[in-house]
Amino acid sequence: MEHQLRRETPLVEMQGVSKRFPGVLANQNVDLVLFPGEIHALLGENGAGKSTLMNILAGLYHPDEGTIRWRGKGVELDSPRAAFEVGIGMVHQHFMLVQPLTVAENVTLGLNDGRMILDLEAVAERIQLLGRRYKLRVDPNRPVWQLSVGEQQRVEILKLLYRDVELLILDEPTAVLTPQEAEELGETLRQMTAEGKAVVLITHKLDEVMRFSDRVTVLRDGRVASVVETSQTTKAELAHEMVGREVLFRLEREEVQTGSLILSLRNVHALNKKGLPALQGVSLDIRRGEILGIAGVAGNGQQSLAEVITGLRTVSEGQIWVGATEVTNQPPLTAIEAGVSYIPADRMGTGAVGTLSVADNLMMKSYRRPPLSNGQLLSFDAIRGYARYLMESFRIAAPSPETPVRLLSGGNLQKVILARELDAEHSLLIAAYPSRGLDVGATEMVRRHLLAQRRAGKAILLISEELDELLTLSDRIAVLYEGRIMGIFPAAEANIETLGLMMAGEAIGNQIDSLVKSNQQN
Ligand SMILES: Nc1ncnc2c1ncn2[C@@H]1O[C@H](COP(=O)(O)OP(=O)(O)O)[C@@H](O)[C@H]1O
Ligand SMILES: [Mg+2]
């Protein structure tokens with residue numbers, strides 16, 4: 001691959017690219033070379049400058065300094081249209097499709113310049129052709145709102161292939177996919193590079209980088225930390241380049257004796273915000289010293305599951321107990337007093353109040369008890385001391401306890417929530433996507449805390465879309481699909497393929513049997 005790549009003219013040469021935002025240097029003197037036929041992974045912690053750099057290449061941002069060459073010639077990419085015209089297209093983290101329109105209409109949106117009427121049948125035919133060639137299965141005549149997230153992503157890619165792009169940029173594409181869909185996307189990308197197109201894959205999943213990419217550029221603090229051939233590097237080395245220190249992938253997961261039953265759900269039904277069924281007969285149990293992982297593509301009832309237990313959502317049928325307390329349709333305070341701690345998916349909103357200080361956010365759960373309060377009066381010295389203690393033990397990087405939390409980075413905000421919820425008295429911890437969007441260093445910290453909780457005899461409900469995370473941390477895994485549990489099985493016996501199929505809604509018979517059995521045993 002190496003000599004082959006080197007002999008060809010580069011497709012893209014970015015040279016000395018810098019981009020400033022008020023108060024941040026997002027990209028600093030970045031050089032990036034892309035060759036035809038390569039999958040180039042762009043790796044880096046949150047805020048390292050990956051999206052900014054690619055937005056420059058896609059014509060959305062204008063660099064403050066630096067030059068861009070396309071096939072050896074200098075180009076000005078001052079709009080997404082200008083980027084399209086040279087052959088560069090980007091699929092953003094948030095899709096930009098028009099929901100009521102069909103796939104074919106979305107694909108051709110903006111192509112009709114008014115001089116001719118598009119023949120939608122011919123368009124549909126071409127989409128089908130491209131779909132077959134690149135393994136992007138989707139019905140051209142379906143409206144986009146009917147499609148799954150994975151299918152919508154295929155439409156975004158088809159839109160770019162329809163325009164004959166030669167460089168496809170994907171910003172964290174697999175974050176929303178099942179393992180099978182991620183695998184299929186890998187095949188699509190390989191087909192594209194086999195035809196000489198180039199792909200930039202932004203991700204922070206090191207496994208994907210190792211499996212799919214030819215070369216890797218690691219960004220750290222807006223600068224290039226390293227550029228390597230994938231075959232010449234390792235996950236540990238890449239993680240080190242990303243965070244600038246050693247990262248341990250092996251977490252100690254000791255044998256822990258499980259104890260009494262802490263959480264019990266029986267045949268729980270609930271509706272979501274839109275009044276549609278969100279949970280349809282969920283039953284599960286978690287004991288002391290046990291982590292139950294909930295696997296599933298986001299949006300299959302995970303949010304409602306956390307909310308019914310914490311008293312934030314009404315149950316229409318069924319019962320929920322935390323220890324000896326029935327919390328079904330009780331206010332959140334009942335759940336808190338029964339021993340529930342909650343790390344919500346929605347950090348700035350449910351998890352923390354942005355305008356309040358670090359100290360205020362930290363004491364939100366503990367202010368009622370001594371020494372912070374004598375029942376009537378708050379002791380401000382004690383509060384300040386308590387905040388300092390938590391900031392130190394959780395290594396929260398903030399200028400002072402008085403800093404408003406909205407000014408903290410994602411990782412530090414999550415530490416504030418963790419510190420508050422773990423320090424509060426609790427027997428059950430609900431952790432929803434606790435490492436979502438966090439970089440490797442912060443992710444490692446979160447996972448260590450979850451294992452420490454298990455060791456301390458807490459019951460833990462872990463909701464995650466990272467199978468790796470679920471498999472490393474959980475004792476048992478339940479798969480949630482459209483508000484139903486498709487199966488519960490010991491994590492040690494879990495097989496990624498089966499998990500993926502279940503996440504996509506396939507009922508796997510014998511696993512359902514084992515669910516029934518394990519529930520009967522409890
Ligand atoms: N439109 C913007 N306005 C202001 N700051 C921004 C903007 N986009 C990104 N940034 C900042 O630039 C830095 C790099 O961000 P980004 O490129 O999104 O990183 P990554 O994609 O690697 O997570 C961050 O500090 C981020 O807060
Ligand atoms: Mg980004």
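Three residue pairs are in polar contact between domain 2 and domain 3, with both residues of each pair at pLDDT 80 or more. The count of salt bridges between domain 2 and domain 3 is zero. The model is predicted, and its protein is divided into domain 1, domain 2 and domain 3.

**Domain bounds**
- Domain 1 covers residues 2-243.
- Domain 2 is made of the pieces 251-339, 428-437 and 458-522.
- Domain 3 covers residues 346-425.

**Where domain 2 meets domain 3**
- Nine residues of domain 2 are in contact with seven residues of domain 3.
- The size of an interface is often given as the accessible area lost when the parts come together.
- For domain 2 and domain 3, the area buried between them is about 520 Å², and 54% of it is on carbon and sulfur atoms.
- Ile336, Leu429 and Pro434 supply 53% of the area that domain 2 buries against domain 3, more than any other three residues.
- On the side of domain 2 that touches domain 3, six residues are nonpolar, two are polar and one is charged.

**Around ligand 1**
- The residues around ligand 1 include Phe21, Val24, Ala26, Glu45, Asn46 and Lys50.
- Gly47, Ser51 and Tyr61 are also among them.
- Gly47 places a backbone N or O atom 2.7 Å from an oxygen atom of ligand 1.
- In Ser51, an N or O atom of the side chain is 2.9 Å from an oxygen atom of ligand 1.
- In Tyr61, an N or O atom of the side chain is 3.3 Å from a nitrogen atom of ligand 1.
- On its own, ligand 1 has 560 Å² of accessible area, and the protein covers 63% of this area.

Key
Residues numbered from 1 in each chain as written. Chains lettered and ligands numbered in written order. Predicted model: local features only at pLDDT ≥ 70, side-chain atom pairs only at ≥ 80, totals over all residues. Heavy atoms only, no water. Domains from an automatic or database assignment. Contact = heavy atoms within 4.5 Å. Buried area = accessible area lost by both parts, 1.4 Å probe. Salt bridge = Lys/Arg side-chain N within 4 Å of Asp/Glu carboxyl O. Polar contact = N/O pair within 3.5 Å; in protein donor to acceptor, adjacent residues only side chain to side chain. Nonpolar A, V, L, I, M, F, W, Y, C, P; charged D, E, K, R; others polar. Near = heavy atom within 4 Å. Areas by Shrake-Rupley, 256 points an atom, 1.4 Å probe, with all protein chains shown as cover.
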